[in-house]
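Dear colleague,

I am handing over the structure below, and after it you will find an account of what turned up when it was examined. Please read the two side by side.

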Amino acid sequence: MLFFEIKKVFSKFKNKIAMVLLLIILIVTSILTMNRVEYVDTDGGRSSGAAAARKLRAEQNQWTGYLTEDVFTDVILENKQINSSPEAFSEDIMEQDKIYARKQGISDISNLMNYAFSEWRDYNYYIIDNLSAKEAKQVYQKRISSLKGYLESGEETFPDAQKKFLIERYENLKTPFYYEYFGGWSALLQNISTFLLMLALVIGFLVSGIFSDEFQIKADSIFFSSKLGRSKAVVSKVSAGFLIATVSYAVFVFFYTAIVLLMLGADGANCPIQLDLWRSAYNITFLQAYLLIVAGGYVGTLFAAILAMIVSAASRSTTTAVIVPFLILCAFPFLSRIITLPGVCSFFPDQLLEVYITVKEFNLVELGGKVMSVATVIIPAYLALCLVLLPALYQVYRKSQVK
């Protein structure tokens with residue numbers, strides 16, 4: 001019965017179109033993600049995508065290793081040497097591109113130092129041009145001192161417990177950082193939230209008719225009057241919805257990840273996320289950040305799909321059910337801009353698909369006197385809610401009355 005229910009979903013023309021649309025979204029999003037990696041040749045020519053990633057990886061991996069004070073000093077000296085070349089004083093754009101091309105190998109490390117010595121809410125690309133070898137020794141300490149200065153400035157109001165939490169996170173971050181090319185992971189994480197949102201909406205569309213279709217085609221009297229109509233048959237529908245949401249999510253996320261990392265390179269998985277998100281309070285690697293984002297996306301997708309199925313079962317309307325994922329995942333972000341309750345908005349279900357932003361920003365919550373990052377709270381909370389809603393879905397449909 002389970003496979004029959006799944007077959008019914010994918011045999012519908014509208015759902016076949018939805019799967020084709022999802023494939024198109026996969027291809028287009030993968031291409032856009034790959035094009036995030038760019039490379040400038042020594043003659044000033046520009047390229048993007050897989051070819052650019054190969055060239056950039058070759059240059060940046062020359063600096064593979066731990067970013068010690070000596071490495072920062074070497075990068076400063078390398079930058080000064082490049083700046084002293086004749087092309088650096090030219091106003092011609094092509095000549096300036098040649099200078100940029102020579103700096104690509106040290107660009108990630110240069111960015112770290114630029115962030116370290118820039119104002120908290122600012123980024124100055126040219127700071128490295130004026131740094132000394134003495135200042136190179138202060139990069140990691142500068143990250144901590146900048147945070148303390150920011151918290152004491154009054155620009156943002158954090159309770160004392162949250163201030164202490166952030167400072168401890170910063171101080172507990174393992175240094176020196178291990179560095180290697182991470183362009184593939186950086187591009188993947190920056191675009192994955194958009195892909196997960198579109199994936200969640202399509203999955204919500206796929207499962208929205210599982211329960212209401214029996215009423216739409218007037219087969220509910222036959223369905224519920226059968227021997228197992230209000231027991232095993234209902235379980236099969238619930239299981240079908242769960243499997244369609246889970247398997248579809250896993251398959252498309254896998255292919256999206258595989259395409260991007262195969263084309264751009266999977267190097268840097270175990271590098272700290274601070275190489276790309278300097279001020280993040282999450283002491284995790286790129287791979288761990290990816291798993292956290294994907295876990296949040298799955299829970300958000302499952303939650304929206306289950307609610308769509310509950311509405312489908314209760315309202316007997318596929319159209320109404322289709323709207324539910326859109327309201328949960330798209331309308332809530334607009335609502336959060338209107339409501340001046342950031343603490344409440346942080347717990348809206350759309351945040352499950354925005355874990356990348358949560359990792360990037362200081363989104364904290366204090367529960368029972370303990371400070372935690374929002375992502376570590378909402379993911380298990382909504383997962384538990386999903387486990388409660390699944391049997392609720394069973395009960396709603398099992399008790400449906402034939403009209």
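**The largest pocket**

Helix H6 supplies the largest share of the lining of the largest pocket, namely six residues. Please keep in mind throughout that this is a predicted model. The volume of the largest pocket comes to about 1200 Å³, and of the 43 residues that line it, those closest to its centre are Asn111, Tyr115, Gln190, Leu275 and Asp276. Two or more lining residues come from each of strand S1 (38-40), helix H3 (50-60), helix H5 (93-103), helix H6 (107-117) and helix H10. Sorted by class, the lining of the largest pocket consists of 19 nonpolar, 12 polar and 12 charged residues. Because domain 1 (2-34 + 182-398) and domain 2 (44-179) both contribute residues to this lining, the largest pocket lies between them.

**Helix packing**

Helix H6 also packs against helix H4 (residues 69-83), at an angle of about 100° and with the two axes 10 Å apart, and H4 and H6 are therefore roughly perpendicular to each other. In this contact, Val71, Phe72, Val75 and Ile76 of H4 meet Ile109, Ser110 and Met113 of H6, which by class gives six nonpolar residues, one polar residue and no charged residues.

Helix H10 (residues 183-207), which was named above for the pocket lining, has a partner in helix H2 (residues 13-34): the axes of H2 and H10 come within 10 Å and cross at roughly 175°. Since an angle over 145 degrees counts as roughly antiparallel, H2 and H10 are therefore roughly antiparallel to each other. On the H2 side the contact involves Lys14, Asn15, Ala18, Met19, Leu22, Ile25, Leu26, Thr29, Leu32 and Thr33, and these meet Ala187, Leu188, Asn191, Phe195, Met198, Leu199, Val202, Phe205 and Leu206 in H10. By class, the contact of H2 with H10 has 14 nonpolar, four polar and one charged residues.

**A cis peptide bond**

Finally, there is a point of backbone geometry to note. Most peptide bonds are trans, whereas the bond from threonine 175 to proline 176 is cis in this model, with omega near 0°. Proline 176 is located in the loop between helix H9 (160-172) and strand S4 (178-179).

With best regards

Conventions:
Residues are numbered from 1 along each chain as its sequence is written. This is a predicted model: local features need pLDDT of at least 70, side-chain atom pairs count only at pLDDT 80 or more; totals for chains, interfaces and linings use all residues. Side-chain values use heavy atoms; hydrogens and water are left out. Axes are lines fitted to C-alpha atoms, for helices over the stretch in contact, and angles run from 0 to 180 degrees between N-to-C directions. Helices (H or I, at least four residues) and strands (E, at least two) are DSSP runs, numbered from the N terminus. Angles under 35 degrees count as roughly parallel, over 145 as roughly antiparallel, 65 to 115 as roughly perpendicular and the rest as oblique. Contact means heavy atoms within 4.5 Å. Ala, Val, Leu, Ile, Met, Phe, Trp, Tyr, Cys and Pro count as nonpolar, Asp, Glu, Lys and Arg as charged, and the others, Gly among them, as polar. On a 1 Å grid over the protein atoms alone, a cavity is a set of points where a 1.4 Å probe fits but cannot get out, and a pocket is an open set with protein on both sides within 12 Å along at least five of seven lines; lining residues have an atom within 4 Å of a point. Grid points are joined across faces, edges and corners, and a volume is the space filled by probe spheres set on the points. Domain bounds come from an automatic or database domain assignment.
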